[in-house]
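Please open the model in a viewer and keep the selection panel at hand. The stops below proceed from one selection to the next.

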Amino acid sequence: MNYERGFKSWAERTSQNFRRDFGLEPDSPLEPVLLAKHLDVRLCTPTDIPGLPQAVLDQLLKHDTSGWSAVSLYQGDRGLVIYNPAHSRGRQSSDIMHELAHVVLDHKPATVILSHDGSLVMRSYDQKQEDEANWLAWCLLLPRDALIRCARGGFDVEVIADRYGVSKTLVNFRLRVTGVRAQILSYQRRRR
């Protein structure tokens, strides 16, 4: 993942700015629903889409639940995020926040191409945009300052994951990539 200089710092500041704008404490959880409302993005599952054939619903929600996570679209000027309700709460939060990060970053939507009979779908894919949306989403869900406060408070990974509505995998990842885990370990060694 190669980010433009200053992007990671910008993402952390953006996370804090949203919390301040919403009247939240710097270490408060930021619910994807709150950000979606602020961005005028509707959140829904495939069952909320009128006219979707039962065969498509069955494929998405019964037969291939691990084959997709979320997608963002536009209906006129309003954003729409369709997410997979079969995923865990933590995964849903991450998937939704990833799609909202695309909106915040003003990324160009992917192009979807259907075959003539509608059976084959291909879409464009911009790895840089995906990496940026991931990083911003992770900062929005688990900002570094919040991780520091949780670690100093002695909260374990499971408690942090539950508090912020994310997976333990994401907590461990953020503790590592932000340097918080190393910082806390160094602090604990100095205190001995």
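Contact here means heavy atoms within 4.5 Å. Select V171 to begin: apart from its neighbours within four places in sequence, V171 is in contact with L142, V157, I160, A161 and V166. This is a predicted model, in which local features need pLDDT of at least 70 and side-chain atom pairs count only at pLDDT 80 or more, while totals for chains, interfaces and linings use all residues. Residues are numbered from 1 along each chain as its sequence is written, and side-chain values use heavy atoms, without hydrogens and water.

Next, select Y3 and F7. Rings of Phe, Tyr and Trp (its six-membered ring) pair if their centres lie within 6.5 Å; planes under 30 degrees apart count as stacked, over 60 as edge-to-face and the rest as tilted. By this rule there are six aromatic pairs. Y3 and F7 form a stacked pair, 5.4 Å centre to centre with 10° between the planes. Buried means under 20% relative accessible area, exposed over 50% and partly exposed in between (1.4 Å probe, protein chains only). Y3 counts as buried at 17%, and F7 is buried at 8%.

Move to F18 and F22, a stacked pair at 5.9 Å centre to centre and 20° between the planes. F18 is buried at 10%, whereas F22 is partly exposed at 22%.

Then extend the selection to the cluster that ring pairs form from Y3, F7, W10, W135, W138 and F173. Finish at W135. A charge sits over a ring if NZ of Lys or CZ of Arg is within 6 Å of the ring centre and within 35 degrees of the ring normal. The charged end of K8 sits over the W135 ring, 4.6 Å from its centre, and that of R174 sits over the ring of W135 at 5.5 Å from its centre.
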